[in-house]
Amino acid sequence: MHLDYRLNEDRETDWSSVTEEDLRYRVALGNLVFHIGNKDFSADWDWIPLVDLAASFAEIIRKLEAGSPSEIFEFTESDAWVRFQRKGDKVLVSTSYGEGVAEVALHSASAAVKSFVERLRSELDRKHPQAAHNAAVRKLLGAG
Amino acid sequence: MNLRLIAALFLSFGLLLTAIPTTGYAQVETSADQVILTHSRLQHIIERHWSDSTAAGAGKFQAGLTVDSLRDMINEAVRNGRARHNTHGRPGTLYEYDFQRQIGTTIDGGPATRLRVVVSNRNEVITAFPF
């Protein structure tokens with residue numbers, strides 16, 4: 001499972017004052033890069049709030065690990081979705097905008113999401129040092 | 001010109017100024033079934049979901065939609081639509097309403113009849129789009 005992102009350039013945001021709502025809907029926008037095997041679930045829409053996606057995917061993995069049979073991620077600006085269905089130690093992944101269903105081990109999905117969160121946090125901290133001290137960023141991406 | 005007429009003119013001018021959205025609210029509604037649409041959120045909806053928006057992967061409203069019509073649709077969706085909690089820790093409430101007529105296009109270009117409105121815990125519209 002390859003889970004990555006492309007973060008848009010942003011020179012306008014005051015990262016000392018961004019709120020959770022900003023992070024969920026308005027800032028750190030970009031694209032999702034998402035491959036499982038030969039299935040491509042990427043979304044290159046440029047407007048995906050990546051901190052929200054990272055936090056939501058992490059929450060979904062936590063719920064699946066806790067026994068939830070199915071979780072759905074809904075994009076913020078459309079009815080597009082990504083569905084995660086637990087099947088034993090595996091997770092079946094499908095989307096409303098991509099073809100087919102892919103299968104990945106739950107521990108692999110968990111590792112991919114954890115890496116995604118850590119890379120995004122590192123890039124934001126590097127590009128926007130004030131983000132490291134922002135409470136909403138720490139809440140959604142962890143303290144690092 | 002009598003004093004009453006002068007006072008009426010001043011009052012009208014004052015009301016006009018308060019109605020012009022600057023950095024404040026494009027619409028302020030306080031009843032329980034109506035929501036606040038700020039100027040910045042209205043701009044966001046126009047930039048991302050208006051018929052001439054180039055944003056990919058986002059539903060678009062039909063050409064010719066006016067801001068007043070959008071406000072009416074948002075209020076109708078909040079008043080009569082299905083409400084549910086926002087997902088995976090996102091703050092706020094989602095309202096979805098089927099207008100039973102085309103109001104725009106889906107992300108793949110098909111006809112959209114439904115509106116989703118995302119409303120914050122402060123009763124402010126975050127976004128709204130057809131699907």
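Guide: Let us begin with a pair of strands. Strand β5 (residues 93-98) of chain B is joined to β8(B) by 6 bridges, and the two run antiparallel. Strands here are DSSP runs of E of at least two residues, helices are runs of H or I of at least four, and both are numbered from the N terminus. Two strands pair if DSSP finds at least two bridges between them. This is a predicted model, in which local features need pLDDT of at least 70 and side-chain atom pairs count only at pLDDT 80 or more, while totals for chains, interfaces and linings use all residues. Residues are numbered from 1 along each chain as its sequence is written, and chains are lettered from A and ligands numbered from 1 in the order in which they are written.

Visitor: Which residue of β8(B) is the bridge partner of B:Leu94?

Guide: The partner of B:Leu94 in β8(B) is B:Val118. Likewise, B:Glu96 stands opposite B:Arg116 of β8(B).

Visitor: With which strand does β8(B) pair over 5 bridges?

Guide: That strand is β9 (residues 125-130) of chain B, again in the antiparallel sense. Within this pairing, B:Leu115 has B:Pro130 of β9(B) as its bridge partner. The hairpin of β8(B) and β9(B) has 5 residues between the strands, and B:Asn123 in the hairpin takes a positive phi near 70°.

Visitor: In what order do the strands of the open sheet of 4 strands stand?

Guide: The order is β4-β5-β8-β9 in chain B, with antiparallel pairing. Because β4 and β9 of chain B each have a single partner strand, they stand at the edges, and one side of each is left without a neighbour in the sheet. On average, neighbouring strands of this sheet are turned by 20° against each other, direction ignored.

Visitor: Is strand β8 of chain B buried or exposed?

Guide: A residue is buried if 20 or more other C-beta atoms, placed from the backbone, lie within 10 Å of its own, exposed if 12 or fewer do, and partly exposed in between. In strand β8 (residues 114-119) of chain B, 6 of the 6 residues are buried, so the strand is largely enclosed by the rest of the structure. B:Arg114, B:Arg116 and B:Val118 point one way from β8(B), while B:Leu115, B:Val117 and B:Val119 point the other way. For chain B as a whole, 29% of the 131 residues count as buried.

Visitor: Which helix lies across β5, β8 and β9 of chain B?

Guide: Helix α3 (residues 67-80) of chain B does, running at about 80° to β8(B). Such angles run from 0 to 180 degrees between N-to-C directions, the axes being lines fitted to C-alpha atoms, for helices over the stretch in contact.

Visitor: How is a pair of packed helices described?

Guide: Two packed helices are described by the angle between their axes and the distance between the axes. In chain A, helix α2 (residues 50-65) and helix α3 (residues 106-127) pack at an angle of about 150°, with their axes 10 Å apart. These two helices, α2(A) and α3(A), are therefore roughly antiparallel; angles over 145 degrees count as such, those under 35 as roughly parallel, 65 to 115 as roughly perpendicular and the rest as oblique. The residues of the contact between α2(A) and α3(A) divide into 13 nonpolar, 1 polar and 1 charged. Here Ala, Val, Leu, Ile, Met, Phe, Trp, Tyr, Cys and Pro count as nonpolar, Asp, Glu, Lys and Arg as charged, and the others, Gly among them, as polar.

Visitor: How many residues of chain B are in contact with chain A?

Guide: Two residues are in contact if their C-beta atoms, placed from the backbone, lie within 7 Å. By this criterion, 18 residues of chain B are in contact with 21 residues of chain A. On the chain B side, β9(B) gives the most, with 3 residues. That side has 8 nonpolar, 7 polar and 3 charged residues.
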